[in-house]
Amino acid sequence: MQKKWWHNAIGYQIYPKSFQDTNGDGIGDIPGIIEHLDDLEELGINMIWLCPVNRSPMADHGYDISDYDEIDPMFGTLDDMKRLIKEADKRGIRVLMDLVVNHTSSEHEWFQKALEDPDGRYGKYYIIREGKDGKEPNNWRSIFGGSAWERIGDTDKYYLHLFTKWQPDLNWENREVREEIYAMINRWLDMGLGGFRIDAISHLKKDFTYENLPADGVDGYVNGFPYFRNVKGIETFLNELKKETFLPHDAFTLAEADDVAPEDLEDFIGEDGYFSSIFDFCHTRYHVNDPKWKDRPVEMINDLRDALFQKQEYVNGRGFLCNFLDNHDTSRSAERFIPREDIGYHSMSALGSVNFFFPGIVFLYQGQAAGMLDYRKKSIDEFRDPTTFNMYRGYLQEGMTEEQALEKLNVESREHARTPMQWNAQENAGFTDGTPWFAVNPNYKTVNLEAEKGKEESLYHWYRKMIALRKSDEYSELFIYGSLTPVYEKTDGVIAYEREYQGRCVLIICNLKAALQELPFGWKVKKILLSNHKDVNIKKEKIYLRGYEVVIVETEK
Ligand code: GLC
Ligand code: CA
């Protein structure tokens, strides 16, 4: 495999609104990110991805861009962005921006012009169709709930929005749109960006048979994924996008492309794939409080293990998946995988190790190494995301009581990831001197980065050590290019695997059960590399793993 500059990337996702405020308006900003570059360097990070910071009315917290070439004043200026790229560079950190090109904001100039003249030049930038019998062109449901169509004023025309109605979908069939987008991407790459995380990219192509389908919900709409996700023909757009922009800049691209069929993985992330990497989302569908898994946490872990290994098997050395646990669209992973009573240093470090040493790109999310958790809301009014409100309405429509709907959101809401970063035990967790735009989790007095740094045994130090090991001269090639072989695949609650490269072998064993496990151990240990306890118990061909223990050793080959 041809070596690339980003193969050794250790990524860190920043949700700028909630990272660090520097001017007291209660909203995180780019100068706040610059302030913490030293912290990120100390952790070992060499790539950061910023959720959108372009000009936006913030209907979807920045995933609705009204000017691709501007930075939203809420976050700072273009000069701040340039300074961030430069300062990051000095520390060996490459910056990725979020590229949101499936849709724009409804306040984007193009869309405003499209509204004025739906049949004119800019009308063709979007997907506008005549209604049918006084109703929407078809009954597709938006991914965020409700119809995927919005009527234009009192005309009989509708525009398509797969997400909120403030995010009209761009018409990628129109060459002029594609050219505008490519030119914009190149302007950013010329500024020195390392690349992009690419939003909602599997939706670029739509199947234009706008027939009504049988409704699948009480709202009368239908989930139209087969008609607007990974639709045949999308490859033409993706190839062109790469050729016109990323390839000539040798950029790193991390695409949000879910449910790529195993036979298509090579096209997506193979040596000549459309992207450098795509997220492995398979673990985001689990939750210990999901009725499906309630009181069966160990079976859930077994299921997770099979799903993770299956994904790795599909890829099988042909490319790099992005192995993450947390992001801005999920509740905190500790809450999803660990029963509440077990949450703590050992369980969280064990969870953090599960896919950390997989082949692929590691991405951490802000607050993950500080042990941040979900902040449960007492009322629906405490949430901030239109999507949450859409879901809430949907649940009530399905017949849930207000309490039940709130409880469900408290379990699954993506907003849990978006509470302000907990830096220290000072007011507002050190996030802002003003009033935070979104309430800080009151557990910040004990759960914060400074406290983690101060403890000898802490999640922060665990992540730092894991990163150092992954990046070390001795082992980095093994972790990047080595083979992966699952072991103990039938042992309850254990996720374990070997990585092997050029005659060297590292074994990673994570016990995700609260109870001690005694397992046969046939390897000869060459060196103990890491453990989340003070000692490792391997005796007489047996290993004794305490609850939530992780052991990483080099074995004789
Ligand atoms: C992606 C983003 C999500 C956003 C959506 C629409 O899924 O991760 O936060 O709401 O796209 O742009
Ligand atoms: Ca600010």
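Trainee: Y125: buried or exposed?
Mentor: Y125 counts as buried, because its relative accessibility is 0%. Buried means under 20% relative accessible area, exposed means over 50%, and partly exposed lies in between, with a 1.4 Å probe and protein chains only.

Trainee: What kind of model is this?
Mentor: This is a predicted model, where local features need pLDDT of at least 70 and side-chain atom pairs count only at pLDDT 80 or more, while totals for chains, interfaces and linings use all residues. Residues are numbered from 1 along each chain as its sequence is written, chains are lettered from A and ligands numbered from 1 in the order written, and side-chain values use heavy atoms, leaving out hydrogens and water.

Trainee: And Y122, buried or exposed?
Mentor: Y122 is buried, because its relative accessible area is 15%.

Trainee: How many aromatic pairs are there?
Mentor: The whole structure has 37 aromatic pairs. Y122 and Y125 form a tilted pair, because their planes meet at 55°, with ring centres 4.8 Å apart. Rings of Phe, Tyr and Trp (its six-membered ring) pair if their centres lie within 6.5 Å; planes under 30 degrees apart are stacked, over 60 edge-to-face, and the rest tilted.

Trainee: What about Y286 and F337?
Mentor: They make a tilted pair, 6.3 Å centre to centre and 40° between the planes. This pair links distant parts of the chain, 51 residues apart. Y286 is in the loop between β13 (277-279) and α9 (297-315), while F337 is in helix α10 (residues 333-337). Helices (H or I, at least four residues) and strands (E, at least two) are DSSP runs, numbered from the N terminus. Y286 and F337 are buried.

Trainee: Which rings form a cluster?
Mentor: W49, F279, F281, F324 and F363, linked by ring pairs.

Trainee: New topic. Where does the charged end of K377 sit?
Mentor: Over the ring of F383, 5.8 Å from its centre. R229 lies over the face of F225, 4.1 Å from the ring centre. A charge sits over a ring if NZ of Lys or CZ of Arg is within 6 Å of the ring centre and within 35 degrees of the ring normal.

Trainee: What coordinates the calcium ion (ligand 2)?
Mentor: D21 (OD), N23 (OD1), D25 (OD), I27 (O) and D29 (OD), at 2.3 to 2.4 Å. Donors are N, O and S atoms within 2.8 Å of the metal (3.2 Å for Na, K and Ca); water is not among the atoms, so sites may look incomplete. Along the chain, the donors follow the spacing D-x1-N-x1-D-x1-I-x1-D.

Trainee: D29 and D25: buried or partly exposed?
Mentor: D29 is buried, because its relative accessibility is 3%. D25 is partly exposed, because its value is 36%.

Trainee: Where is D326?
Mentor: In the loop between β14 (320-324) and α10. D326 is buried, because its relative accessible area is 4%.

Trainee: What do the side-chain atoms of D326 reach?
Mentor: A polar atom of the D326 side chain lies 2.7 Å from the backbone nitrogen of S333.

Trainee: How many residues of helix α11 are buried?
Mentor: In α11 (residues 345-353), 8 of the 9 residues are buried. Among them are Y345, M348 and L351.

Technical notes. A polar contact is a pair of N or O atoms within 3.5 Å; within protein, one must be able to donate a hydrogen and the other to accept it, and residues adjacent in sequence count only if both atoms are side-chain atoms.
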